[in-house]
Structures are given as C-alpha cells and as structure tokens.
Amino acid sequence: MTDYAEEQRNELEAIESIYPDSFTVLSEDPISFTITVTSDAGENGETVEATLKFTYVEKYPDEPPLWEVHSQENLENNDMDDILTLLQQQSEENLGMVMIFTLVTAVQEKLNEIVDLMKNRREEEKLRKEMEAEEAEKVAFQGTVVTIENFLAWKAKFELEMADIRRKRQKEEEQSGKAKLTGKQLFETDHNLDTSDIQFLEDVGNNVEVDESLFQDIEDLDLEDDDPDFDPLEMGSYED
C-alpha cells in the first residue's frame, strides 16, 4: 500500500533544498506551498516571473496536485494560458510519480521561451510602426485621389464659400457707402450718358478740319484710278 504522506514529505524536503530562496510553505494540512520561478534575463535585461502555488491532494502522486499561478510579472494573458496548459500536460504525463520538480522545470523553460518571444514582439512592433509611418508618408505625398464624387462635393462646397464671401463683401461695401455699380447700373442711374455721344456729334456738325500737309506727297504715290477727276483732297470735306 502506498504511503502517500511519506512520499509527499520526502518530496517537500527535496523541493525546499532545491529552491531555498523561492520556496514558501503556506499550510501543512493540506500541504500547500509556493515556488517563484524567474526566467533568465533577456538581451536587454528583461525577465518574466511566475509564482506557482501547489497543493497536495490525499492520493498524490497517483492523482495530480492542485496548482495555480499565484502571481506573475511581465506576463500577458496568453502567456498565462500557455503555462496552465503546460502544467496540465506535464501532470498527466508524470502521473504516479512525484512531479513538482518536473512541473517547475517545464515552467522555467517556458518562461525563457517567453523572454525570447518578447524580443521578437519588440522587433515586430518596431517593424509595424515603421510600415505605418511609411504608409502615412505615402498618403501625405500622394494626397487625396480625385474622384467624380469628391470633386463634385468639393465644387459645391467651394461655390457656397465663394457666395458667402461675395455676400459679406457686398454688405461691407454697402455699410461703408462705397458700393460699386456695374456698367448697366451706371447707365441707368445717369441718363446723361445715353445722350452724350449724340450731343458730341451735334456740336461738331460739319466742321471737320483736314490737315492737308498729310497729303503733300500724295502725288508721289503710284495710284491707278480710272476717274481722271479724282481728287483725294476732296475726301476731307463732308457735305450733307
């Protein structure tokens, strides 16, 4: 008949001697204790840590002990899940034998793997940020791609803004008393403008003077005309 209590006491003494600085007894009935497991330091000195709590059941080691992660440092939730899965697997493989040292060793190796993964995570995060920065730079350089839809939206917005500017400008001019009139508005407000050209022609009448000196060299021109009575000077007089 297996003496479970004896096997448990013997293992407990061995565990205490192997992990003197990280082993702590919590209770003796049932026997419960913690072991703090720390990974090796990474290249930047980072470490991860897990404190495992074990409790012997009556028929341990023929039945697996109870365990839990009592506390942890620098571990993510998925890391915790991996550790619990590992403990389950190892306890099933070592059923019938004292297994605390085996379980702790497996967790130690897992923590070292996690530290190595932390390096990969940092490198992946750095690469991701660099790619995001490159994409942002490309977008800034290329600007917004013009489509029919966004062009029409821009055009409508632009026209509204311009109309608003014109309204404000007109209002300011009206308030300052310096409103500018169009040519049509000037014509309609000053009726003298529509008679000015006619008045000018009436004042001039037939008094059109011709400077004959402009035609002094007319005889030097090689003019061919079938009318022998043609006199270019007569072009300077106008008779009704």
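Val 37 has Ala 50 in strand E3 as its bridge partner. Strand E2 (residues 31-38) and strand E3 (residues 49-55) run antiparallel and are joined by seven bridges. Helices (H or I, at least four residues) and strands (E, at least two) are DSSP runs, numbered from the N terminus, and two strands pair if DSSP finds at least two bridges between them. This is a predicted model, in which local features need pLDDT of at least 70, side-chain atom pairs count only at pLDDT 80 or more, and totals for chains, interfaces and linings use all residues. Residues are numbered from 1 along each chain as its sequence is written, and side-chain values use heavy atoms, with hydrogens and water left out.

- The open sheet consists of four strands in the order E1-E2-E3-E4, with antiparallel pairing.
- E1 and strand E4 (66-73) stand at the edges with a single partner strand each, so one side of each is left without a neighbour in the sheet.
- On average, neighbouring strands of this sheet are turned by 20° against each other, direction ignored.

**Strands E1 and E2**

- Strand E1 (residues 23-28) is joined to E2 by five bridges, and the two run antiparallel.
- Ser 27 has Ser 32 in E2 as its bridge partner.
- Pro 30 lies in the loop between E1 and E2, and the peptide bond from Asp 29 to Pro 30 is cis, with omega near 0°.

**Further backbone features**

- Tyr 60 and Pro 61 are joined by a cis peptide bond with omega of about 20°; Pro 61 is in the loop between E3 and E4.
- Asn 74, although not a glycine, has a positive phi of about 65°.
- Asn 74 is found in the loop between E4 and helix H2 (77-93).
- At 52% relative accessibility, Asn 74 counts as exposed (buried means under 20% relative accessible area, exposed over 50%, partly exposed in between, with a 1.4 Å probe and protein chains only).

Conventions:
Axes are lines fitted to C-alpha atoms, for helices over the stretch in contact, and angles run from 0 to 180 degrees between N-to-C directions.
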